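This report covers one protein chain. It takes up a loop residue, then the domains, then the salt bridges.

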Amino acid sequence: MKSISILGSTGSIGTQTLDIVRENPEQFRVIGLAAGSNLTLLAQQIQEFRPEIVAIRNEDNLPSLKELLTNLDYQPILVGGSDGICEVARYGSAQSVVTGIVGCAGLLPTIAAIKAGKDIALANKETLIAGGPVVLPLVEEYGVKLLPADSEHSAIFQCLQGVPDGGLRKIILTASGGSFRDLPVEKLASVTVQDALKHPNWSMGQKITIDSATLMNKGLEVIEAHYLFGMDYDDIDIVIHPQSIIHSMVELQDTSVLAQLGWADMRLPLLYALSYPDRLYTNWESLDLVKVGSLTFREPDHQKYPCMQLAYNAGRAGGCLPAVLNAANEQAVALFLEEKIAFLDIPRLIETVCDRFSNQNKTQPSLDDIIEADKWARKEVLQCLTVLA
């Protein structure tokens, strides 16, 4: 039985991970849970899975959580704030930590888990995008496994099993195209938040759904793939695949292409990250290619999706610029969700902030450098709002 802790337990990644635990009680045991603000759901999770330690992001909510747990026949350790989340990440006998916290907020808890010798099921792409220069050396130093738990990078990882060193030639990331894949580019100026949140294939949180609509999610995945698999940016491609059946592909040196296929179900990459190198039986619906009917592909429109090129540019520049890109995107998406900016303002703000960032003299930034760049970029987005006025 593998002991796990889950960061972001009430979000999409967390609840699907707990579905896996629920279906495989003989395989997995929950040691720790960390959540945001959904106290009711968190209390239900505590009652069902009986973790040893629980963290809530806002310490002010601890009394309310304690009240919800009054009638439990046991009491977990309750902690709060970012320090509390890090405490869950490093706590006790957990062998693996699922990092499902959205955004750069997942970076410090992931580092805490690595330093405590925990394997990482990485569902938080920002950890590597912002912190890759710091995180990868720590993974090597502490001898832990960093296993991708998002669909695209899990697909690549699965395809590479058995491929010899030096056998990989190219990575091909597939993208659904998001909410506006069939909308003419000239109509993007008038789209609403509600329009952007209607993803055609996946059920995800708001932030990642907007990232899918701008295709920034795919740009960020390019940077993550660079760090995970050591590939040059010129050898990482993006292709629009509306059916979301092929989750990504690899081209090998002899031009063979390997692909990982499956229904659009986040539980599969999560399960593989937790059970690796084993394959656990599930009763989930098998992929029926006759039912799928056809698989189609097309080149992404760079005019429609400028965020892709912004991500490639930041990745190639390196240093702290990927952290700046990521933070600017998070802040811009938040403003869009609050209906304070238009959809097309998202890439404009990100580009402006990246252009204004001048601290590129460090090719190997420290954690403090990355955190400072992240803070600067968030503030700079708000400063740049006057440019859009």
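## Pro-164 and its loop

Pro-164 sits in the loop between helix H7 (151-159) and E8. The model is predicted. Pro-164 has a relative accessibility of 57% and counts as exposed, because the cut-off for that class is over 50%.

Pro-164 and Ser-5 are 159 residues apart in sequence. In space, their C-alpha atoms are 32 Å apart.

## Two domains

The domain assignment of the protein chain gives domain 1 (2-148) and domain 2 (310-388). Their C-alpha centres are 27 Å apart. Contact involves 11 residues of domain 1 and 13 residues of domain 2.

## The domain interface

Domain 1 and domain 2 bury about 850 Å² between them. Carbon and sulfur atoms account for 71% of that area. Helix H5 (107-115) and helix H6 (126-142) each supply at least two residues of the side of domain 1 that touches domain 2. H6 gives the largest share of that side, six residues. By class, the side of domain 1 that touches domain 2 has eight nonpolar residues, two polar and one charged.

What is the count of salt bridges between domain 1 and domain 2? It is zero.

## Salt bridges across the sequence

Side chains of opposite charge can pair when their charged atoms come close. The structure holds 22 salt bridges. One of them joins Arg-29 and Glu-52, with the closest N and O atoms 3.6 Å apart. This pair links distant parts of the chain, 23 residues apart. Arg-29 is in strand E2 (residues 28-35). Glu-52 is in the loop between helix H2 (39-49) and strand E3 (53-56). Arg-29 is partly exposed at 35% relative accessibility. Glu-52 is partly exposed too, at 32%.

Another salt bridge brings together the side chains of Arg-298 and Asp-182, at 3.3 Å from N to O. Arg-298 lies in the loop between helix H12 (289-292) and helix H13 (306-317), and Asp-182 in the loop between strand E8 (168-175) and helix H8 (193-196), so the pair ties together parts that are 116 residues apart in sequence. Arg-298 is partly exposed, with a relative accessible area of 35%. Asp-182 is exposed, at 62%.

Arg-378 and Asp-374 form a salt bridge, with the closest N and O atoms 2.7 Å apart. Where do Arg-378 and Asp-374 lie? Both are in helix H16 (residues 367-388), four residues apart. That spacing is about one turn of the helix.

## A salt-bridge network

Salt bridges can also share partners. Lys-125, Glu-152, Lys-218 and Glu-221 are joined in this way into one network.

Note on methods:
Residues are numbered from 1 along each chain as its sequence is written. This is a predicted model: local features need pLDDT of at least 70, side-chain atom pairs count only at pLDDT 80 or more; totals for chains, interfaces and linings use all residues. Side-chain values use heavy atoms; hydrogens and water are left out. Domain bounds come from an automatic or database domain assignment. Contact means heavy atoms within 4.5 Å. Buried area is the accessible area (1.4 Å probe) that two parts lose on being put together, summed over both. A salt bridge is a side-chain nitrogen of Lys or Arg within 4 Å of a carboxyl oxygen of Asp or Glu. Ala, Val, Leu, Ile, Met, Phe, Trp, Tyr, Cys and Pro count as nonpolar, Asp, Glu, Lys and Arg as charged, and the others, Gly among them, as polar. Buried means under 20% relative accessible area, exposed over 50%, partly exposed in between (1.4 Å probe, protein chains only).
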